[in-house]
Amino acid sequence: MPVPNFQDNDASLESQWRAIILFGKNSATYKFAFAKSLLEIISLEKTSVSLQDIAPSYVQGILEHLKQNDKQGNSKSSIFLEACRNFNDQKIDYEHLLNITLKHGFNNVVDAFHTVNGSIVNDVFYHKDYNGNQKNLVITDSLLSLKESQQFINFDQEVDARWNLVETAWNLEINPNLLEVKLDEELNLLFFENRMMKRKNIASARDSLNGYQKGKCFYSFQNISIKSGDDNLCAIDHFFPHVHKMQLNKNGANVNGVWNLVLSDKIINNDKRAKVPEIKYLERLYKRNEFYIASKHPLGETIINQTGKTPFERRMFLQEQYNLSVNLAIQKWKPYIEFEPLF
C-alpha cells in the first residue's frame with residue numbers, strides 16, 4: 001500500500017518549501033534556524049546575501065532553543081553547538097561565537113537544505129556563490145515569490161512549531177511507544193506528560209497542524225491563517241464530532257487525539273458543527289495522518305500509538321470509527337464550497 005506523497009498533484013513553491021521543513025532529513029535543527037533566516041531575507045527582498053550577514057539571526061535561534069532543550073542534533077559532538085552553549089554560559093564573547101558560526105555553523109545546512117527524501121526540490125530557493133573571498137547565497141525568484149503567497153504569513157510559525165516538535169522528540173524522557181501528545185482545548189496547545197506526570201508544552205496546535213494541510217481548510221481547501229487576530233484565523237475541528245466522545249471512547253478511540261484534529265475555515269466549521277463528513281473525507285484524513293507519520297516526530301508516534309502500527313491497521317481504525325459515528329449522526333455533511341483538493 002503506497003505511502004501518500006505530500007507533493008503529489010501539487011508542485012507549488014509553497015508545497016516545496018513545506019516539504020523541506022516538514023519532511024527533510026533532520027540530523028540537527030540547523031535547518032530550522034536557516035529557514036527562519038531565509039524568511040527574513042524574503043522580507044528584505046535581497047537578491048544576494050553573505051553568510052556573514054545571515055550569521056547573527058541564524059545563531060540567535062539556536063541560542064534561544066538551546067536554553068529550552070539542550071539536544072539540537074544527533075551528533076555526539078559539535079564545535080558549533082558547543083560554542084553556542086559556551087556563549088549562553090558566558091564563557092566566550094559574541095565576536096568569537098560569530099567567527100565559529102561562520103567557520104562551522106553552515107557546513108552542512110547550506111548544501112542539504114533543498115533535499116527531501118534523497119532528492120532536490122524542483123525549484124531551489126538559492127544558489128551558493130563561494131568563489132570569491134566571501135561566501136554568498138544568490139537568492140532565486142522562487143524564494144522571493146513566496147512573499148506573494150497568501151501562505152507566507154504562516155511560514156514562520158510553522159517552522160517554529162516543527163522545530164519544537166523535532167527537539168521534543170530528541171529530548172524525550174519517555175518511551176516513544178507510550179507517547180501521547182494531548183490537546184489543551186482551552187489554550188489550543190499541544191503537550192505531553194513525562195513519567196513523573198510533569199507537563200511539557202510543545203507548540204500551538206494550529207501552528208503544528210497547518211503545514212500538513214498546506215495552509216488550507218481541511219474540507220474546502222480555502223486558504224486559512226494561523227496568525228492570532230486575523231479575520232481568517234482557522235478553527236480546530238474534531239473530524240469525528242466531539243459529542244460522539246462517549247460512544248467512540250468505548251471503542252478505544254480518543255476523540256481528542258491528534259489523529260482526529262483538523263484545521264478548518266471558521267465559517268465552514270460553524271456549518272459542520274456535530275455532523276459527520278461524507279466518506280470521501282475519511283481518505284483525506286488518512287492521508288493527512290500519514291504525512292505526520294512520514295515526518296517522524298511526536299505527532300507521528302502519537303498517531304501510530306492511537307490508531308495502529310501499520311497503514312492497514314490505521315485505515316481499519318478510521319473506518320471503524322466512521323461506521324460508529326455515522327450510526328450516531330442524523331446526516332452526513334459536506335462543505336458548501338470546495339476547491340480542488342491538494343491531498
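Started with the second largest pocket: I get about 390 Å³ of space in it. I'm working on a predicted model, where local features need pLDDT of at least 70, side-chain atom pairs count only at pLDDT 80 or more, and totals for chains, interfaces and linings use all residues. Residues are numbered from 1 along each chain as its sequence is written, and side-chain values use heavy atoms, with hydrogens and water left out.

A volume is the space filled by probe spheres set on the points, which are joined across faces, edges and corners.

Looked up who lines this one: 23 residues, with Phe23, Asn117, Ala294, Ser295 and Lys296 nearest the centre. Helices (DSSP runs of H or I, at least four residues, numbered from the N terminus) come in too: H1 (13–23), H8 (152–170) and H12 (280–295) each supply at least two lining residues. H8 gives the most, with four.

Next, the largest pocket, at about 490 Å³. I count 24 lining residues there, and Ser27, Ala28, Tyr30, Asn108 and Val109 are the closest to its centre. Helices H2 (30–44), H4 (79–88), H5 (94–105) and H6 (109–112) each supply at least two residues of that lining, and H4 gives the most, with three.

Notes:
1 Å grid on protein atoms, 1.4 Å probe; cavity = no way out; pocket = protein on both sides within 12 Å on 5 of 7 lines; lining within 4 Å.
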